[in-house]
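Here is a friendly walk through one structure, meant to be read with the model open beside you.

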Amino acid sequence: MERLFRGSLILLLMLGLSACSLFSSDEEEVRTPKPLQTIAEEKIQLVKVWSRGVGKGVGNRFESLKPAMDGDKVFVSGAEGSVYALERDTGKEVWKKKLNTRIGGGVSAYAGMVLLGTLDGEVIALKQESGDELWRARVSSEILSAPVTDGLYVAVQSIDDRLTVLDAESGKYLWRQEALQPALTLRGSASPLMFREAVFAGFASGEAKAFRLENGAPLWSSRVAAPKGSTELERMVDIKGAPLIIGDTIFFVSFQGNVAGLDLYTGRVRWTKELSSYESMTDGFGSIYLSSEDSYVSSIDQRTGASNWRQEDFEFRQLSAPAAFSSYVVVGDGEGYVHLLSQVDGSQAGRFKVDSSAIKAQPLVDGELILVLTADGELVALKEKASE
């Protein structure tokens, strides 16, 4: 019953519905964010380098708008169509474009392009140098994750579980693959991942698939999690976080399912471990790090799937996906805090209050900088405070 309630409430939150009429006040208290504890020994302190408003944020909506970086530029979008290129070190505006559309999943930047997806089902490509529009292409449904490119192809996954590949130069449609979508799914989709001649994606069915970039030919299909339970809510096993490749292993994680390590070339399951998450992962120190449905942060051994540690101090604090920074794991929470945990044992090492707005997007780490985008549309650059 407890698992059913957790899944139901998260689904309602993602759909933007009120749970007040469906759950009693006693049940709602189960999700009360855990109060922050005093850090016994703060091993790292952060300072603000710069901050910049980048248009209207996502507010209370489920979507997150992760920024991107390429070279010495940061690219970021607001929810209502504003796209910015900023200097990495200063936050100074290089260019700004106002697109008359709602952006659903942030941006990606590579090969001279800035790519974004819209709630109207369009992929838009801009020039990194100037922000001028290169092309637009329509896909089958809303896009709630950033399209990706390798310079030759552009891949995007829409919320109807269709993976579409376009020509990077022209935006011309090349091919599409889809998975059978369950009756009930979480709102959202993950960015696919390109590697060499293949593209990898996870689907709401709990399956991971690989396709040949050139023509969409299936390479392999593997199940990360199998639906369980007697209701559609209990049987949800959506993969909404982006896959992660380390060496010859690709990692996926599903909601109400498993985190799994698969052979990159065959899809053979090397290990699985029960864990529920709809966020992307990061890696470091031979581990992968995940924020779970209940806002626990876990360290899982890359080779075996064994649990190294689990940090439960942030229960129900609506943690973002984690990012690796130096020897720490960085997460944002629903009250505007950035938390740093030791990669070795998960202990709390530092904390920084950005503002009162939630941090939903995965922090972006580049060298000594941590870039955090708040739900109110403020992009903040942080770095470690110098020792006195």
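Let's begin in a loop: Gln-318 sits between β25 (307–311) and β26. Please keep in mind that this is a predicted model.

**Loop residues with positive phi**

- Gln-318 is not a glycine, yet its phi is positive, near 55°.
- The relative accessible area of Gln-318 is 56%, and exposed means over 50%, so this residue counts as exposed.
- Arg-196 is another non-glycine residue with a positive phi, in this case about 55°.
- You will find Arg-196 in the loop between β14 (193–195) and β15.
- Arg-196 is exposed, with a relative accessible area of 56%.
- As background, most residues other than glycine have a negative phi.

**Two domains**

- The chain is divided into domain 1, made of 34–58 + 312–387, and domain 2, made of 63–171.
- Taken over C-alpha atoms, the centres of domain 1 and domain 2 are 24 Å apart.
- Contacts join the two domains: 20 residues of domain 1 touch 22 residues of domain 2.

**Nonpolar cores**

- The largest nonpolar core is made of 31 residues, and Leu-116, Leu-371 and Leu-379 have the most contacts inside it.
- Several strands give two or more residues to this core, including β2 (68–70), β3 (73–77), β4 (82–87), β6 (103–110) and β7 (113–118). Also among them are β8 (122–127), β31 (369–373) and β32 (378–384).
- The largest share of this core comes from β4, which gives four residues.
- In soluble globular proteins, nonpolar side chains tend to be buried together.

- Phe-325 belongs to strand β26 (residues 323–325).
- Is Phe-325 buried or exposed? Its relative accessibility is 4%, and buried means under 20%, so Phe-325 counts as buried.
- Not counting residues up to four places away in sequence, Phe-325 touches Ile-44, Val-330, Leu-340, Gln-343, Val-365, Gly-367, Glu-368, Leu-369 and Ile-370.
- Phe-325 and Arg-270 are 55 residues apart along the chain, with their C-alpha atoms separated by 27 Å.
- Leu-369, one of the residues touched by Phe-325, is found in strand β31.
- Leu-369 is buried, with a relative accessible area of 3%.
- With residues up to four places away in sequence left out, the contacts of Leu-369 are Val-49, Arg-88, Phe-325, Leu-364, Ala-381, Leu-382 and Lys-383.
- Leu-369 and Arg-88 are 281 residues apart along the chain, but 8.9 Å separate their C-alpha atoms.

**Aromatic pairs**

- How many aromatic pairs does the structure hold? There are six aromatic pairs.
- In one of them, the ring centres of Trp-175 and Phe-211 are 6.0 Å apart and the planes are at 55°, so the pair is tilted.
- This pair links distant parts of the chain, with Trp-175 in strand β13 (residues 173–178) and Phe-211 in strand β16 (residues 207–212), 36 residues apart.
- Trp-175 is buried at 6% relative accessible area, and Phe-211 is buried at 4%.
- The rings of Phe-200 and Trp-220 also have their centres 6.0 Å apart, with planes at 45°, so this pair is tilted.
- Phe-200 in strand β15 (residues 198–202) and Trp-220 in strand β17 (residues 218–223) are 20 residues apart, and their pairing links distant parts of the chain.
- Both Phe-200 and Trp-220 are buried.

**A cavity**

- Searching the whole structure gives one cavity of 30 Å³ or more.
- The volume of the largest cavity is about 70 Å³.
- The largest cavity is lined by 14 residues, and the closest to its centre are Val-58, Leu-65, Leu-373, Thr-374 and Ala-375.

Key
Residues are numbered from 1 along each chain as its sequence is written. This is a predicted model: local features need pLDDT of at least 70, side-chain atom pairs count only at pLDDT 80 or more; totals for chains, interfaces and linings use all residues. Side-chain values use heavy atoms; hydrogens and water are left out. A nonpolar core is a set of buried Ala, Val, Leu, Ile, Met, Phe, Trp, Tyr and Cys residues joined through side-chain atoms within 4.5 Å. Buried means under 20% relative accessible area, exposed over 50%, partly exposed in between (1.4 Å probe, protein chains only). Rings of Phe, Tyr and Trp (its six-membered ring) pair if their centres lie within 6.5 Å; planes under 30 degrees apart count as stacked, over 60 as edge-to-face and the rest as tilted. On a 1 Å grid over the protein atoms alone, a cavity is a set of points where a 1.4 Å probe fits but cannot get out, and a pocket is an open set with protein on both sides within 12 Å along at least five of seven lines; lining residues have an atom within 4 Å of a point. Grid points are joined across faces, edges and corners, and a volume is the space filled by probe spheres set on the points. Domain bounds come from an automatic or database domain assignment. Contact means heavy atoms within 4.5 Å.
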